Amino acid sequence: MSKRLLVGVFESEDDTLAAIRASRQRGFKVVDVYAPYAVHGVEEAMGLAPSRLPWVVFALGVLGGGLKVWFEFWTTAVDWPVNVGGKPFNSLPAFVPVTFEVMVLFAAVGAVLSFFFVCRLYPAKRAVLPVAGVTDNRFAVVLEETDSTFDPAEVGKMFEKLHAVQVDEQITGEVA
Amino acid sequence: MAEAAIALRPPLIEGDKSIAQVTHDVCAPMEARPTALWWVALLISFSFLLLGAAAIAYQISVGVGTWGLNRTVGWAFDITNFVFWIGIGHAGTLISAILFLFRQRWRTSVNRAAEAMTIFAVMCAGIFPVIHTGRPWFAYWMFPYPNTRGSLWVNFRSPLVWDFFAISTYFTVSAMFWFIGMLPDLATIRDRATAKWRRRLAGLFSLGWNGSYRAWQRYEVVYLMLAGLGTPLVISVHTIVSWDFATAVLPGWHATIFPPYFVAGAIFSGMAMVLTLMIIARKLMRLEDYITLRHIDRMCKLVITTSGIVGLAYGTEFFTALYSGSSYEQFVFLNRALGPLFWGYWTMVGCNVFVPQLLWFRRVRAYVPAVFAICILVNVGMWFERFIIIVTSLSRDFIPANWFHYAPTRVEVATLLGSFGLFFTLFLLFCRFIPVIAVAEVKGVLKYGKPRLESAHE
């Protein structure tokens, strides 16, 4: 399904933030915001829900640590117990360092892979930019023209008042 | 307005840059042809790398007998170099993870290069234990995989196995942290590249990053998670390295002070190495506006802090030996300071405790050549610290009949030089092909220390 989008291009983070706030105040749907760096306060302005990634990381860390404790116990005390200097086969305290490392490994690798997955990032993916320069020095606020009450000319004027350097109308099925 | 401006902190980035200028300043040197100076540096580093490669090929084909080891001193030069390089890496994680958690925004100018240093240093470190296995082609036996020997599993009670897990986790996490931090910059390179190969390559690795804020939001979360995981990780890595020694019963090694002492020493030497590299990089790549004297000043303060911790540890070791009432323990420390390797011990104390005291003076911290010289001396001192800890304890243990001297052979020295060659070759290649400064992060601190009104349009 194609969508009609209105893209306002800005030169500074303050203008971008003002544009997002103004658009949301007037009830427009902010599809996405593009920025060359992580601007403080955009997620609050856009009203994005907090990311659930920390829970994924926590779960994977617990899983990795748990699996590793079981594996160390199973290899050293069950599968082939070897007497090393008379130490008990199940030497739990000695298992702590490796358990910690494996927990970190699971959590970190899991964090990165799930980030790639939820953001649909993969090698050689063709990047879809709303306008050129959003990876350099431009900020873009993308609104969806949801219904006939949306007047692109009027919203364009609002953007220009907020120092937009360019306002574009796009029809696409790809962005967002 | 004047008073308001004075009350602000000084800006982190000098020269009043615009956002586009930051992109240009960092990317332009990569797109231009390399300078003659860069080629000379690369050729020298690469020659050392080749020397090291030849030495490694020789010692693998002939055996570890090419080293100066004997029945008393069973490991010396290789483990010294291993601990030295791992320690170097730790400052990179300190800057990228710990300073991030402490919200030290000045780190943005140096974190990319510091993380690169971490990764390259861990690579250099990894060479030594692998060769020391004697049969490096069986190095994978350290990994607990189901095998036809039983399955006979690795001994999870052994600090050497802990070390294997710690180092490989550390390398993986550091590399991922580095790559995630680089993702937006790779997209910047992709979108401004004119050369086709550069656009293709950057396009392959930038994973289709387009600056969408839905991605930025999760990016920030993942970065924070990795920093939070990296901080205890880096402390665990050098703690485990110190356990390689502390779990042995040898006097001079068997000490509970080792983990904090080693971690502080690692950050101390690593910070000196970051400063060394930054001082070179800011000159070579003309980044004086980004890596300012203030950055150098702050890193110097970290050097003097960790120097203090290391000095305190040296003193504590002597006190513990005295207080222990153990004549073996007391002998080891007297032997370090006054025995056959006394010159190494005093090089270590001189370079690690006395020389850094100069950094108390603002004038010294602001004079770059002096900082450079101090940092080189710190690294010399920290290399000697590991050498002294390892060799003095081993060569003179409980029974005088066992005592034997250790001296490295030419093959061992060539391997050490080769590791420096590898390190600097990789670093120089990094300077050419990857933005040395974290562009997207620096853009976020441009406003730091500037009055809010100036950036508005009125």
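Trainee: How much accessible surface does chain B have, and what share of that belongs to carbon and sulfur atoms?
Mentor: About 19,200 Å², with carbon and sulfur atoms accounting for 70%. Keep in mind that this is a predicted model.

Trainee: What are the figures for chain A?
Mentor: The accessible surface of chain A is about 8,900 Å², and 60% of that belongs to carbon and sulfur atoms.

Trainee: Staying with chain B, how many helices and strands does the chain have?
Mentor: Chain B has 17 helices and zero strands. Its radius of gyration is 24 Å against the 23 Å of the globule rule for 458 residues, so chain B is as compact as a globular protein of that length.

Trainee: What box do its C-alpha atoms fill?
Mentor: Along the principal axes, the C-alpha atoms of chain B take up roughly 85 × 55 × 40 Å.

Trainee: And how much of chain B is buried?
Mentor: Of its 458 residues, 56% are buried. As for contacts in chain B between residues at least 6 apart in sequence, 82% of them join residues at least 24 apart.

Trainee: What about chain A, which elements does that one have?
Mentor: Five helices and four strands. Read from the N terminus, the order in chain A is β-α-β-α-α-α-β-α-β.

Trainee: How does the radius of gyration of chain A sit against a compact globule?
Mentor: Chain A has 25 Å, while a compact globule of 176 residues would have a value near 16 Å. The box filled by the C-alpha atoms of chain A is roughly 80 × 30 × 30 Å along the principal axes.

Trainee: Which domains is chain A divided into?
Mentor: Domain 1 takes in 3-50 + 131-172, and domain 2 covers 53-118. The C-alpha centres of these two domains of chain A are 46 Å apart.

Trainee: What share of chain A counts as buried?
Mentor: 47% of the 176 residues. In chain A, 78% of the contacts with a separation of 6 or more are between residues 24 or more positions apart.

Trainee: Changing topic: how many charged side chains are there in chain A?
Mentor: Chain A has 15 positive and 20 negative side chains, and the centres of the two sets are 4 Å apart. In chain B there are 37 positive and 23 negative charges, with mean positions 5 Å apart.

Trainee: Now some single residues. Where is Asn137(A)?
Mentor: In the loop between H4 and E3 of chain A.

Trainee: Buried or exposed, and why?
Mentor: Asn137(A) counts as buried because its relative accessibility is 18%, and buried means under 20%.

Trainee: Which residues does Asn137(A) touch?
Mentor: Leaving out residues up to four places away in sequence, Asn137(A) touches Phe10(A), Glu11(A) and Pro36(A), along with Ile19(B) and Ala20(B) from chain B.

Trainee: What is there to say about the backbone of Ala124(A)?
Mentor: Ala124(A) has a positive phi of about 65° without being a glycine. Most residues other than glycine have a negative phi. Ala124(A) is in the loop between helix H4 (92-118) and E3 of chain A.

Trainee: Which residue of chain B has a positive phi although it is not a glycine?
Mentor: Leu207(B) is one, with a phi of about 55°. Leu207(B) is in the loop between helix H7 (196-205) and helix H8 (213-246) of chain B, and at 6% relative accessibility Leu207(B) counts as buried.

Trainee: What kind of peptide bond joins Gly150(B) and Ser151(B)?
Mentor: A cis one, with omega about -10°. Ser151(B) is in the loop between helix H5 (111-132) and helix H6 (159-192) of chain B.

Trainee: Where does Arg432(B) lie, and what does it touch?
Mentor: Arg432(B) is part of helix H15 (residues 410-433) of chain B. Not counting residues up to four places away in sequence, Arg432(B) touches Pro29(B), Met30(B), Ala32(B), Arg33(B), Pro34(B) and Trp38(B). At 11% relative accessibility, Arg432(B) counts as buried.

Trainee: Last one: where is Thr146(A)?
Mentor: Thr146(A) is in the loop between strand E3 (139-144) and helix H5 (152-161) of chain A. With 48% relative accessibility, Thr146(A) counts as partly exposed. Thr146(A) and Leu5(A) are 141 residues apart along the chain, and their C-alpha atoms are separated by 8.7 Å.

Notes:
Residues are numbered from 1 along each chain as its sequence is written. Chains are lettered from A and ligands numbered from 1 in the order in which they are written. Side-chain values use heavy atoms; hydrogens and water are left out. Helices (H or I, at least four residues) and strands (E, at least two) are DSSP runs, numbered from the N terminus. The radius of gyration is taken over C-alpha atoms; the globule rule is 2.2 Å times the number of residues to the power 0.38. Buried means under 20% relative accessible area, exposed over 50%, partly exposed in between (1.4 Å probe, protein chains only). Contact means heavy atoms within 4.5 Å. Accessible areas come from the Shrake-Rupley method with a 1.4 Å probe; for residues, only the protein chains shown count as cover. Lys and Arg count as positive and Asp and Glu as negative; His and the chain ends are not counted. The place of a charge is taken as NZ of Lys, CZ of Arg, CG of Asp or CD of Glu. Domain bounds come from an automatic or database domain assignment.
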